[in-house]
Amino acid sequence: MALLDYFTRKKEKQVTTASKAKERLQIIVAHERNSRNKQPDYLPQLTQDILQVLRKYIKVSDESFSINLDKKEGDLNVLELNIELHDENNSN
Amino acid sequence: MARVIVVTSGKGGVGKTTSSAAIGLGLALKGNKVVLIDFDIGLRNLDLIMGCERRVVYDFVNVINGEATLNQALIKDKRVSSLSILPASQTRDKDALNKENVGKVLEDLGKIYDFIVCDSPAGIEAGAMMALYYADEAIVTTNPEVSSVRDSDRILGMLASRSRRAELGLEPIKEHLLLTRYSPKRVEEGEMLSVEDVEDILSIPLLGVIPESQAVLKASNAGEPVILDTMSDAGKAYQDVVDRLLGETIDFRFLVAEKKGIFSRMFGG
């Protein structure tokens, strides 16, 4: 039987568990590195601080507010704020 | 100036303490003055692997709190006089260490020793961050296994952002990959990530590959770092690691499985 195994082995092993492991790791690691690079440590605190200032003047719900720090080509970083304003909520 | 080397991993149980002990002792055997520091506050174990657990009187936290001097706390290795061990404390006072007081201890040690090897606790909590903060070099200990590789990548992120070198904008920590518990046979059978796979994913320079070996358990049973077992594959592989850290270029060994004879291949076994 061992002799038979030896000849049939090659075919079965085309997709090995090791290659699955590598593929899964490449995807998750790339994903995690991306979010790591995009999100500096101060971003959560910055978000809270900006929200606090905004709320002194207008009503902003958590859902109508988003913040994004994007790394563009070269040394350019773009901090993007997206705030949805609702008429009835304006305080003037 | 002393080289501060952190042995880190993220994941637990991959061989940080075994590697710290072997590498520290190996560097000392080569004539360097070496101090091994156990940063695993609350879970002291380096003393056990080094075989000096009964000689611990004072520990790292005692030194930090001024309850003992460095000289009182350092344990001189009985095998190599140029090696000392600074044990971790067994109390759970995790907040005892901070950047200032650890920095002071490392500065004092740096005046005496050539190498300061910091054995990091697992995880990414304060203790692990403290162990890597002052590092010049990091030995990222990894098993060829998905969770270990992923955690190593997270630690690489920490090294690049949370260390003193990162904060001060100095030259980044020099990273080394140490692959442990490697089984060439399982790699050849497609059951284990290969050295190349892990290098591909983590993309840091390879320092060493330690084969899975029964010698490691025997060594920890006896409190004799495995590098002293010069007949074992693991001992030889750690010796190569030490030589590479000292600047030598050495071919990697134990990467291919021992070939079976034609008879055992045909008839099984």
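1. The second largest pocket of this predicted model has a lining of 26 residues, and those nearest its centre are B:Gly13, B:Val14, B:Gly15, B:Lys16 and B:Thr18. Two or more lining residues come from each of α1 (16-29), β7 (174-182), β8 (206-211) and α11 (214-222) of chain B. A pocket here is an open set of points on a 1 Å grid over the protein atoms alone, where a 1.4 Å probe fits, with protein on both sides within 12 Å along at least five of seven lines, and lining residues have an atom within 4 Å of a point.

2. The space in the second largest pocket comes to about 540 Å³, and its lining divides into 10 nonpolar, 10 polar and 6 charged residues, with Gly counted as polar.

3. Strand β2 (residues 34-38) of chain B pairs with β4(B) in the parallel sense over 4 bridges, and B:Ile37 has B:Leu86 as its bridge partner. Strand β3 (residues 75-76) of chain B pairs with β4(B) in the antiparallel sense over 2 bridges, and a hairpin of 6 residues joins them.

4. Residues are numbered from 1 along each chain, as its sequence is written, and chains are lettered from A in the order in which they are written. Local features need pLDDT of at least 70 and side-chain atom pairs pLDDT 80 or more, whereas totals for linings use all residues, and side-chain values use heavy atoms, without hydrogens and water.

Definitions and conventions:
Points joined across faces, edges and corners; volume = space filled by probe spheres on them. Pairing = 2+ DSSP bridges.
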